[in-house]
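Have the structure open while you read.

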Amino acid sequence: MTAPPDAGDVMEDVTVVEQSLDDPERFALLYDRYFTQIYRYLAARLGGEQADDLVADAFLLAFNGRHGFDPQRGTVRSWLFGIATNVVARHRRGEGRRLNALSKVPAEDSADGHEDRVTSQLAAQASRPELVRGLKGLAKGDRDVVFLLVFGGLGYEEIATALDIPVGTVGSRINRARRKLRKALGDVNPIGEW
């Protein structure tokens with residue numbers, strides 16, 4: 001999991017957003033700082049090919065929406081992950097089809113594809129179609145918190161900010177997802193200690 005930025009980085013990020021209002025080229029600093037994290041998250045959710053295009057869309061949306069960034073609501077990092085999650089939502093139907101296809105293909109047969117990377121990162125039992133069916137069976141909100149936790153490396157507070165929900169709701173969704181995934185896997189925790 002990626003460590004959250006320290007207080008100095010958070011303040012610097014806010015300053016960069018504010019400065020970019022007068023000097024748009026300053027926003028490139030945030031792109032450089034967070035590109036890899038946002039790309040990994042999008043690639044985990046939608047595949048590398050989609051992530052190549054969509055990471056640019058996410059940063060363009062952030063750039064165009066930087067006037068509305070409110071540091072009182074959370075960090076720049078969580079704001080960017082919230083935007084990336086909204087980009088994912090636009091492509092959710094394709095994600096469902098990929099998960100459905102993956103549940104029918106053993107992991108060793110998909111070693112060259114995005115699906116193998118996602119499932120191997122989720123658990124050692126990734127070749128088990130039960131995990132994929134379990135993920136597919138999660139409610140949209142539950143799946144979002146799981147993917148932000150596992151692939152975004154966000155903590156509960158950052159997930160809450162990214163999704164604009166209370167921290168308690170994040171905890172409830174993670175617990176519900178954990179229960180459903182454990183049940184789908186026969187009481188095995190699919191993603192270590194989360």
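## Cavities

Searching the whole structure turns up two cavities of 30 Å³ or more. On a 1 Å grid over the protein atoms alone, a cavity is a set of points where a 1.4 Å probe fits but cannot get out, and lining residues have an atom within 4 Å of a point. Grid points are joined across faces, edges and corners, and a volume is the space filled by probe spheres set on the points.

The second largest cavity holds about 30 Å³ of space. Around it sit Ile38, Ala58, Phe59, Ala62, Leu80 and Ile83. Helix 3 (48–64) and helix 4 each give two or more residues to that lining, with helix 3 providing the largest share, three residues. Helices here are DSSP runs (H or I, at least four residues), numbered from the N terminus. By class, the lining has six nonpolar, no polar and no charged residues; Ala, Val, Leu, Ile, Met, Phe, Trp, Tyr, Cys and Pro count as nonpolar, Asp, Glu, Lys and Arg as charged, and the others, Gly among them, as polar.

## The largest pocket

A pocket is an open set of points with protein on both sides within 12 Å along at least five of seven lines. The largest one has about 240 Å³ of space. It is lined by 14 residues, and Arg73, Trp79, Gly82, Thr161 and Ala162 are the closest to its centre.

Helix 4 (76–90) and helix 9 (156–163) each supply at least two lining residues, and helix 4 gives the most, with four.

## Helix 10

Helix 10 (residues 167–184) has 18 residues and spans 26 Å from its first C-alpha to its last, close to the 26 Å expected at 1.5 Å a residue (1.5 Å times one less than the number of residues). Its buried residues (under 20% relative accessible area, 1.4 Å probe, protein chains only) are Val170, Gly171, Ile174, Ala177, Arg178 and Leu181. They lie on the same side of helix 10 because they cover an arc of only 135 degrees around the axis, taken from the directions from the helix axis to the C-beta atoms.

What covers them includes helix 7 (129–137), helix 8 (140–150) and helix 9, with contact meaning heavy atoms within 4.5 Å. On the face turned away from the buried side are Arg179 and Lys183, both exposed (over 50%). After helix 10 comes Gly186, with a positive phi near 70 degrees.

## About the model

This is a predicted model: local features need pLDDT of at least 70, side-chain atom pairs count only at pLDDT 80 or more, and totals for chains, interfaces and linings use all residues. Residues are numbered from 1 along each chain as its sequence is written, and side-chain values use heavy atoms, leaving out hydrogens and water.
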